[in-house]
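Here are my notes on the model, meant to be read with the structure open beside you. I start with the charged pairs, then move on to helix packing and the surface.

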Amino acid sequence: MLSANLTQAQVAKAIDALVAVPLPGENPADYAMPGWMKAFVGLGSFLSSPQGQTLKKKLVISFFLFGGGSMLYQRYCNPKTKTSKPAEQKGQRKTNRVELDLVFCRRLYSILSIMIPTWQSREMIDLIILTFLLVARTVFSIWIAENLGSNAQNLVARKWGAMWTGIKTFALLTVPAAAVNSGLKYFQETLALRFRLRLSHYVHDEYLDGVNFYKACNLGGADRIDNADQRVTADIKNFCDELAALYSSVLKPGLDVVLFTVKLGRMLGWQGPILMHAYFVFSGFFKKRIMPNLGKLVAKESEVEGYYRTAHQRLITNAEEIAFY
């Protein structure tokens, strides 16, 4: 019986020794291991050696450094992204491209200070509860994954007692997990509604102060506000809904990445999680290059909906004149 601790080099030598024994009437050269196969086996034995392990670590680290540096250069230092575009034609409105920069962060902070005025506000309490539920959901996900893995292992090993115990544990875990999922949806929608109330009150106070509603729609030239009714109603609702969903969609995957990486690192070593992260970085960079500007498309959709809504409002307001003239 062969030992289970044979190295790849020893296995290759054993294979060479076996194939070197020809059958009666056969040519021994027909059974020799091809050169490319020997090179492949030699590469595998080298990678399993300490020198090969060091080389793999260096390659992975170099890949991350090169990929991260390329993305940072493309994002901030590429001269093509800094060249000014030609002047807009006369009569066309100048549009500024929204980027995730310091100006955007300042504006977002100003809006957040309106929606969350103090640390003791109800919005902050809901945000803390939502954070706790997101952490709990991640923990339950890890527990359920471990339970399913152990149940499958017990089923293959025919350990029926341990398998039934795992099934009972899974049934007990699904009850609080379902409650956590329902609580996440409830508090996310509640937080979006509270954000909308705060922001709507602030915007309407500014919009209806004096004659600001007239100045915003009729004065200012190219800087006047188009479709103000759309912006102070539907756009505020969409913004608050997306902001509340953004917190959950950013925090939850971040927690999943950290906790699952730690768990996989303990089980498989750090090479497995690093390779998976490298794959996601590469796929994200590739998708960013081929996907259209979704933010610009969403802004265009909101603008078109505003014009459509305004056209119907003008039709209703001037229905008598249109009907008779």
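Predicted model: local features only at pLDDT ≥ 70, side-chain atom pairs only at ≥ 80, totals over all residues.

1. Residues are numbered from 1 along each chain as its sequence is written, and side-chain values use heavy atoms, with hydrogens and water left out.

2. How many salt bridges does the structure hold? There are 4. One of them joins Arg198 and Glu123, with N and O 2.9 Å apart. Arg198 sits in helix α7 (residues 160–207) and Glu123 in helix α6, so this pair ties together parts that lie 75 residues apart in sequence. Helices here are DSSP runs (H or I, at least four residues), numbered from the N terminus.

3. Are the two partners buried or exposed? On my scale, buried is under 20% relative accessible area, exposed is over 50%, and partly exposed is in between (1.4 Å probe, protein chains only). Arg198 is partly exposed at 35%, whereas Glu123 is buried at 4%.

4. Now look at Arg122 and Asp126. Their salt bridge has its closest N and O atoms 3.6 Å apart. Both residues belong to helix α6 (residues 122–156), and because they are 4 residues apart there, about one helical turn separates them. Arg122 is partly exposed, at 42% relative accessibility, but Asp126 is buried, at 1%.

5. Helix α9 (residues 228–268) has a pair of its own, Lys237 and Asp241, 4 residues apart or about one turn of the helix. Their side chains meet in a salt bridge at 3.0 Å, N to O. Lys237 is partly exposed at 35% relative accessible area, and Asp241 is partly exposed too, at 31%.

6. On to packing. Two packed helices are described by the angle between their axes and the distance between the axes. For α6 and α9, the axes come within 10 Å and cross at roughly 35°. The axes are lines fitted to C-alpha atoms, for helices over the stretch in contact, with angles running from 0 to 180 degrees between N-to-C directions. The crossing is right-handed, meaning that the near helix is turned clockwise from the far one by less than a right angle.

7. Which residues meet across these two helices? From α6 they include Leu127, Leu130 and Ile142, and from α9 they include Leu251, Leu255 and Phe260. Lys252, in helix α9, deserves a look: this lysine is buried, at 13% relative accessible area. Leaving aside neighbours within four places in sequence, Lys252 is in contact (heavy atoms within 4.5 Å) with Leu134, Arg137, Thr138 and Ser141.

8. Last, the surface. Phe282, Phe286, Ile290, Met291, Leu294 and Leu297 form a nonpolar patch with about 620 Å² of accessible area together. Patch members have over 30% relative accessible area and no salt bridge; nonpolar side chains (Val, Leu, Ile, Met, Phe, Trp, Tyr) are joined within 5 Å, and like charges within 9 Å. The areas come from the Shrake-Rupley method with a 1.4 Å probe, and for residues only the protein chains shown count as cover. Helices α10 (271–290) and α11 (294–317) each supply at least two residues, with the largest share, 3 residues, coming from α10.
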